[in-house]
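Please view the sequence and the model first, then read the points below by topic.

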Amino acid sequence: DLQRMFRLFSRVPSTLKEVRDELIRYIKEDGEQLVKKEEDDRSALRFVRALLVQRDTYEEIVSQAFHDDKDFKKALKEAFEYVVNMNNKVPHFLTLYVDDLMRERAKKKGDISSDASSLDETLDKIITVFRHLQDKDIFESYHKELLAKRLLQKKRNFDSDFSSEIEERMISKLKAECGQQFTSKLEHMMNDMKISATLMSQYKEKMRETAIPGIDMKTIPLLEVHVLTTGSWPHPTTPDCIIPPYINAICDSYKTFYIKHYDGRKLTWQYNLGSAEVKAQFDDPLTLVVSTYQMLILLLFQDTDTLTYQTIADKTQIPTAELKRHLISLAAPKYKVFKKEPKGKAIAPEHTFTFNRGFKSKVKRVRIPLISSRSSKNALPSAPTEVPAEVEEDRKHLIEAAVVRIMKARKEMNNSNLIAEVIKQLESRFKPSPQNIKKRIEALLEREYIERDEKDRRLYRYVA
């Protein structure tokens with residue numbers, strides 16, 4: 001019916017505008033219903049799946065009913081941009097969908113080429129939605145955080161890992177869409193993992209031939225180190241904590257090995273990002289997969305069964321908020337490694353934690369999850385998502401750089417033209433508001449990168 005209508009209206013081309021306007025109105029209304037429905041259902045993955053289905057449906061209508069008419073394709077783009085940007089949580093939703101896709105695909109074994117066409121089709125659909133986002137930098141920030149988690153949680157060698165190829169495909173598509181600058185940090189993260197894998201192979205080979213003073217090499221804990229480049233990874237430096245001497249000796253041996261390869265570099269251990277496997281002597285021995293902080297807590301119970309919170313805090317020096325979160329995780333009802341007295345999530349200095357030797361599990365290798373303030377990784381926040389502080393700071397620098405770049409080329413420019421040019425240069429990454437641009441112009445005026453004309457206050461000149 002739509003195809004016949006299009007052929008009929010095409011005889012009087014001026015009437016097609018009404019059809020296009022009606023198409024835009026209908027897509028917008030359909031999109032608004034989708035956003036409202038999924039906000040109530042609170043499921044990020046379902047929202048993105050529905051969004052992708054909606055995009056495919058209307059793309060097929062434009063292709064078949066309207067014969068890929070360029071004006072109707074433009075109308076589809078306009079309407080879909082409205083739908084995607086009417087909810088400021090969409091960049092976050094999309095990263096959660098990508099994260100779920102990557103984790104599911106990583107579970108598969110074998111060569112990526114066997115599933116290449118299906119994977120590329122899915123990634124292309126994701127990029128289609130991404131292309132319509134105004135706040136692409138927010139997507140990048142969330143994607144970088146989730147990519148870091150995926151990379152650091154790998155169990156197998158990175159070079160041979162099926163999932164690394166999938167990650168690189170996604171990054172290459174983002175690079176093709178937004179350029180090298182957009183994906184530079186993501187590429188550095190991938191490169192760090194490859195270099196770390198190579199270094200670990202060399203370190204292990206060296207350890208087979210070397211003894212560490214005071215350490216029995218037969219009982220030495222196995223060490224896996226990922227060296228992360230500061231600035232590329234989304235993790236701030238955390239305070240040091242107290243490490244047992246025999247573990248510290250192993251860490252120092254790697255540090256010495258690394259400095260020999262990269263003289264002049266400084267290594268800072270990020271204990272909050274690490275994980276460990278601990279053989280726990282319950283009535284039925286089990287292997288616990290825990291965070292580094294949880295490992296440090298568990299090691300305190302080798303010679304005693306009960307400790308107060310204050311004693312644990314003094315002996316580990318783990319940051320207070322992290323220590324409480326890790327202790328509560330070890331005393332959770334489902335994974336009751338510790339018995340807490342008194343019961344409850346609140347923790348005071350005198351509260352005690354007792355090693356629960358009666359803890360049992362159906363599996364011999366038990367992963368202890370950390371409690372989170374969010375009940376589910378896919379649950380959507382009920383409050384509007386604000387721009388992350390890191391992204392806000394980056395935007396200031398990008399706006400200032402754009403202003404200086406434009407003024408250096410033009411030498412002088414009036415206020416309205418300068419704002420319009422800055423928006424044009426940055427809209428591929430995010431859409432800056434005129435108010436924010438004005439603030440950055442004022443900051444540059446104060447720092448004397450540009451100056452106002454004495455007669456016309458709305459005219460700026462570049463200061464060489």
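Helix axes are lines fitted to C-alpha atoms over the stretch in contact, and angles run from 0 to 180 degrees between N-to-C directions. The model is predicted. The points below cover a helix pair, an open sheet and the surroundings of one further helix.

**The pair α5 and α7**
- Helix α5 (residues 90-106) packs against helix α7 (residues 136-152) at an angle of about 25 degrees, and their axes are 9 Å apart.
- Angles under 35 degrees count as roughly parallel, and α5 and α7 are therefore roughly parallel to each other.
- Their crossing is right-handed.
- On the α5 side the contact includes Leu94, Val98 and Met102, while the α7 side includes Phe139, Tyr142 and Leu146.
- The residues of this contact comprise 9 nonpolar, 3 polar and 4 charged.

**The open sheet**
- Three strands form an open sheet in the order β1-β2-β6, with mixed pairing.
- β1 (275-280) and β6 (365-367) are at the edges with a single partner strand each, so one side of each has no neighbour in the sheet.
- On average, neighbouring strands of this sheet are turned by 25 degrees against each other, direction ignored.
- The pairing of β2 with β6 is parallel, over 3 bridges.
- Threonine 287 stands opposite arginine 365 in β6.
- Helix α11 lies across β1 and β2 and runs at about 125 degrees to β2.

**Helix α13**
- In helix α13 (residues 320-330) the buried residues are Leu323, His326, Leu327, Ile328, Ser329 and Leu330.
- These buried residues pack against β2 (286-291), α11 (292-299), α12 (309-316), β4 (338-341) and β5 (352-355).

Terms used: Residues numbered from 1 in each chain as written. Predicted model: local features only at pLDDT ≥ 70, side-chain atom pairs only at ≥ 80, totals over all residues. Heavy atoms only, no water. Buried < 20%, exposed > 50% of the residue type's maximum accessible area, 1.4 Å probe, protein only. Helix = DSSP H or I, 4+ residues; strand = E, 2+ residues; numbered from the N terminus. Contact = heavy atoms within 4.5 Å. Pairing = 2+ DSSP bridges. Parallel < 35°, antiparallel > 145°, perpendicular 65-115°, else oblique. Left-handed = near helix turned anticlockwise from the far one by under 90°. Nonpolar A, V, L, I, M, F, W, Y, C, P; charged D, E, K, R; others polar.
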